[in-house]
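Please look over the model shown here before reading the report.

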Amino acid sequence: MKIISKNLFKYTFVILISFCIGSFIGNKFPNLPGFNIFSNNDLSKINSIFDKDFSLVNISTQKVLKQKKLIEVKRKANNIILLIADGMGIGHISTYRLLRGGPNERVALDLFPVSGFVLTHSSNAIITDSAASATAYSTGKKTNNGVLGLDKDHEFIENFTEKIQKYGFLNSLISTSDITHATPAAFVSHVESRSNTDEISKQIIESNIMTVLGGGRHFFLPQELGGKRKDKINLLEQVKRSHVLLTEKNELENFSFQGQDKVIGLFAGKHLRDIEDIKNHKFEPSLGEMLDFAIKRSLQINKDSCKGFFIMAEGSQIDWAGHANNLNYFEREMHDFEEAVQLAFDYAKEDQNTLVIVTADHETGGLLIEPESLNDYLTSKVKFSFNTGIGYGSHTGSPVPIYAYGPGSENFTGTLDNTDVFYAMLEALNLENEDENCLE
Ligand SMILES: [Zn+2]
């Protein structure tokens, strides 16, 4: 007892002295490396997510957004492939590069000759959600978080796929989440809430999207049949009448590529690669396999009549890995996304008439790359950490990168608002003559 209290006194004394010296040196020489830890006076918060300096600031949102002045595109693209990695910031790409092969590794994104930054805030928040951000990409208008295809006053806005379809372009939507999820849904539906999946799925099958691929069979089946629909409608039965329904990846591989029927592929009950449904994984395609199918399908139909195609393909679960603070999950999903990016790039390089754009809707998790221990710049041991919450993180307001290759790519450089991306995509296409009925 005596020894303990003696030691306790000794340690308290040492800590106090260290503290005083640390505070003095820290204040005197605030930029001196190694002393910051001593001048951070709240030891109780070390090793928790609160162990960081922050300033809470109420940001003014009064300024009116000005649309970016675009370069007039002389040589138009026939096709656009838009790849959205949900939740992917610069930190994610850097982390992925390091994990794949170290600092000198180059990934598919590094092939792109044009790049820029996208500002992602929504109409009612500095930190966007996927619904508002994808609506900005699909309509050129800001909306409130959670809203799809409507403006902030809930007025209908024509989206990109609806607009270009009038000029003879074919549309495809692909996602590794359920297809009713916010990002794909923003390119096809108009609803006040992203959680209204009963309505979103209905609008998907009533739309002019020629190829829809992803997960989410549950959202097409009523609860009575094991699905998630509250309206009791068996939409899967309707789909079988109006579309070619695919449920396994071998049906993508063995597709005959004839006729002009709309195709919908629902390869999982919920999202793809669901850890609660591991046995289904072998029947599920990768993002690259779905993109490959959508390109082939678009070319097959285009050959006869239409002007070109638009494909939006989303790597949905990069965001979920960021929310879950799970690095292995993140790397797996980035790899799946990268394969699709490489495929799109290779296709565009060969074709020379396709614009490929790769971006994200927002950053998720505040992914950071640090040395193993503070200010140790001599180590190759790197600490990757998600910095928005322990166990479950959130989106951040950091800008996201955008990459482009092909005709019309010149507008995807510098700083863009997410609404500018919509106009830059329109500028890349030839929208002179309406040709609504290219399929008839
Ligand atoms: Zn998210």
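This is a predicted model: local features need pLDDT of at least 70, side-chain atom pairs count only at pLDDT 80 or more; totals for chains, interfaces and linings use all residues.

How are H10 and H12 oriented to each other, roughly parallel or roughly antiparallel?

Residues are numbered from 1 along each chain as its sequence is written.

Helix H10 (residues 287-302) and H12 pack at an angle of about 30°, with their axes 7 Å apart, where axes are lines fitted to C-alpha atoms, for helices over the stretch in contact, and angles run from 0 to 180 degrees between N-to-C directions. H10 and H12 are therefore roughly parallel to each other, given that angles under 35 degrees count as roughly parallel, over 145 as roughly antiparallel, 65 to 115 as roughly perpendicular and the rest as oblique. On the H10 side the meeting residues are Leu287, Gly288, Leu291, Asp292 and Ile295, and on the H12 side they are Asp336, Phe337, Glu339, Ala340, Leu343, Ala344 and Tyr347.

## Overall composition and core

The protein chain has 13 helices and 14 strands; helices (H or I, at least four residues) and strands (E, at least two) are DSSP runs, numbered from the N terminus. Of the 440 residues in the protein chain, 44% are buried, a residue being buried if 20 or more other C-beta atoms lie within 10 Å of its own, exposed if 12 or fewer, and partly exposed in between, with C-beta atoms placed from the backbone. Among contacts in the protein chain with a separation of 6 or more, 68% join residues 24 or more positions apart, two residues being in contact if their C-beta atoms, placed from the backbone, lie within 7 Å.

The largest nonpolar core has 94 residues, and those with the most contacts inside it are Ile80, Leu83, Ile174, Leu291, Ile311, Ala344 and Val356. The largest share of this core, 9 residues, is supplied by helix H12 (residues 327-351). Such a core is a set of buried Ala, Val, Leu, Ile, Met, Phe, Trp, Tyr and Cys residues joined through C-beta atoms within 7 Å. Leaving aside residues up to four places away in sequence, Ile174 touches residues including Leu213, Leu287, Met290, Leu291, Ala294 and Ile311.

All 10 of the 10 residues of H4 are buried, so H4 is largely enclosed by the rest of the structure. The cover over these buried residues includes H5, helix H6 (182-186) and H13, and H4 is followed by Gly140, whose phi is positive, near 80°.

Helix H4 (residues 130-139) packs with helix H13 (residues 418-428) at an angle of about 30°, their axes being 6 Å apart. The contact is made by Ser133, Ala136, Tyr137, Ser138 and Thr139 of H4 together with Asn418, Thr419, Val421 and Phe422 of H13. H4 and H13 are therefore roughly parallel to each other.

## Helix H8: one buried face

In helix H8 (residues 235-242), Leu235, Leu236 and Val239 are buried. Seen down the axis of H8, these buried residues fall within an arc of 100°, so they line one face of the helix; the arc is that of the directions from the helix axis to the C-beta atoms. On the other side of H8, Glu237, Lys240 and Arg241 are exposed.

What covers the buried residues of H8 includes helix H7 (197-206), strand S5 (243-246) and strand S6 (262-266). The axes of H7 and H8 come within 11 Å and cross at roughly 10°, and the two helices are therefore roughly parallel to each other. Ser201, Lys202 and Ile205 of H7 make this contact with Leu235, Gln238, Val239 and Ser242 of H8.

## Local backbone and a buried glycine

Most residues other than glycine have a negative phi. His154, although not a glycine, has a positive phi of about 65°; His154 lies in the loop between H4 and helix H5 (160-165) and counts as exposed, with 12 C-beta neighbours inside 10 Å. Phe257, also not a glycine, has a positive phi of about 50°; Phe257 is placed in the loop between helix H9 (249-253) and S6 and is exposed, with 10 other C-beta atoms within 10 Å.

Gly215 lies in strand S4 (residues 211-215) and is buried, with 27 other C-beta atoms within 10 Å. The C-alpha atoms of Gly215 and Lys270, 55 residues apart along the chain, are separated by 5.7 Å.
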